[in-house]
Amino acid sequence: MDAAEEGRSLSQTAPLYTDTPLSLNTERTKEELLDRFAGDSNLPSKPSSSLDFLFKRRMMGIRGETHEATKRRRREYAQLEVPNSRIAHPAIRLSHRIYGGQFSSDGNLYCCYCQDGSVRLFDTSDICEWKFVRTERAQQLHWTITDCSLSPDGQSVAYTSIGPYVWLHPTRADDHRPQRTFFISESIHPALWSVRFSADGTKFVLGASDGYCFVHDIETDKTLYAFRGHMRDVNSVELLTGSQGQYDQNVFLTGADDCTICVWDMRTISATQRVRSNAAEKPSGALLGHSDGVTCVRAKGDDGRFVCSNGKDQTLRLWDVRAMWAAGHVPARARQPRHHSFDYRWETYPGDPVQEAREGKSKFAHGGRIDCSLRTFTGHHVLKTLIRCNFSPAESTGGRFLYTGSADGAVWVWDSLSGEVVSRSFHGNPTRSSHSARGRAMVG
């Protein structure tokens with residue numbers, strides 16, 4: 001990926017959570033899949049006792065209704081709740097740029113990694129008053145930290161740099177376990193760009209330079225899978241979620257600078273290629289539509305089917321993995337960027353994202369690019385750095401909204417059902433990171 005140079009230059013059918021390998025289903029139309037997405041945006045019905053909620057209930061005219069009618073009206077109201085201020089209010093202020101961050105699964109811990117090469121952890125159990133927990137300074141740092149990930153139990157944090165190492169630290173201030181360092185791959189020395197814990201917290205899933213992907217066992221400190229899954233650098237890895245919001249044990253996604261998002265099932269990776277880092281491997285399927293490198297991939301946290309992604313083609317896209325492209329039939333030109341000489345770090349985008357998205361819908365036989373995304377969202381700027389994106393919290397909005405950072409200093413929020421921009425909150429500086437958990441969303 002170009003980020004290596006960036007570093008040197010400063011810069012419901014059955015859900016996929018199953019015991020059987022992935023299979024393709026291309027019979028659904030995009031309209032049917034969008035209808036399914038709308039139906040899957042269910043919201044919790046737990047009543048609130050806050051004074052604010054009681055006022056809202058009175059304003060909505062909820063008096064003497066049945067429980068089901070009240071629940072339905074509450075869900076309808078909650079789906080409309082998005083940021084109502086154009087100026088973002090800071091939760092924390094740091095003296096160094098924040099490159100990325102993540103909430104723990106229960107929303108009570110937040111970790112972020114910064115330009116100074118440190119990982120900082122905060123207690124967010126009181127969302128109005130964050131408490132500092134600890135700072136971990138990166139060891140053997142190659143320019144900066146490229147990604148970090150919290151373990152499923154929230155007890156450990158892993159981070160990577162532009163090199164072949166993964167570092168593992170405890171998260172609690174009273175936890176004095178020593179730091180662990182993992183060396184990835186003896187045959188090559190990859191630059192690691194993205195890391196995620198497996199669903200059970202026993203493995204690392206890693207995306208690296210030159211299209212390499214790794215799955216590394218934490219207990220034995222051995223690489224279980226090493227293969228070249230893309231033609232260019234892998235910028236983002238993500239675990240697919242199951243129907244109950246749990247991460248899948250076997251299925252993960254990778255987004256890379258070859259314009260593709262690949263869906264991988266570890267149960268289908270051939271045994272002879274599991275430990276050969278120079279081996280090429282075909283994914284279970286591919287999501288095609290971006291016309292430039294993919295900077296971020298995120299899965300909707302409550303269904304195991306829907307995915308969003310940001311691309312250097314200045315678009316955010318919504319996908320359904322059930323409509324993925326057969327991996328063995330991906331044309332070579334689908335992996336080639338539209339603007340080969342474009343450098344997202346320094347230049348403005350040379351094309352028109354809206355027009356190019358329309359052209360992508362034309363027939364492939366007539367020169368158009370393959371596009372199997374459900375919707376395409378434009379307006380934000382994926383420049384200067386690898387801008388992240390995400391779904392809104394499932395607990396409060398049903399994952400209905402999509403939001404992303406932007407090089408113009410704004411956080412863009414779209415309604416995934418209507419495709420309309422519903423909010424823009426300004427930070428003043430480029431916004432790169434976004435993450436949500438347990439009804440909480442954070443950008444930096």
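In strand β3, the bridge partner of Y110 is F122. Strands here are DSSP runs (E, at least two residues), numbered from the N terminus. Two strands pair if DSSP finds at least two bridges between them.

This is a predicted model: local features need pLDDT of at least 70, side-chain atom pairs count only at pLDDT 80 or more, and totals for chains, interfaces and linings use all residues. Residues are numbered from 1 along each chain as its sequence is written, and side-chain values use heavy atoms, without hydrogens and water.

In β2, L109, C111 and Y113 point one way. Y110, C112 and C114 point the other way.

| Strand pair | Bridges |
|---|---|
| β1 (residues 98-103) and β2 | 5 bridges |
| β2 and β3 (residues 118-123) | 5 bridges |
| β11 (residues 212-217) and β12 | 6 bridges |

β1 and β2 form a hairpin with 5 residues between them. In that turn, G107 has a positive phi of about 75°. The hairpin of β2 and β3 has 3 residues between the strands, and G117 takes a positive phi near 85°.

**The open sheet**

4 strands form an open sheet in the order β9-β10-β11-β12, with antiparallel pairing. β9 (192-197) and β12 (222-228) stand at the edges with a single partner strand each, so one side of each has no neighbour in the sheet. Within this sheet, C213 stands opposite F227 in β12.

Definitions and conventions: Buried < 20%, exposed > 50% of the residue type's maximum accessible area, 1.4 Å probe, protein only.
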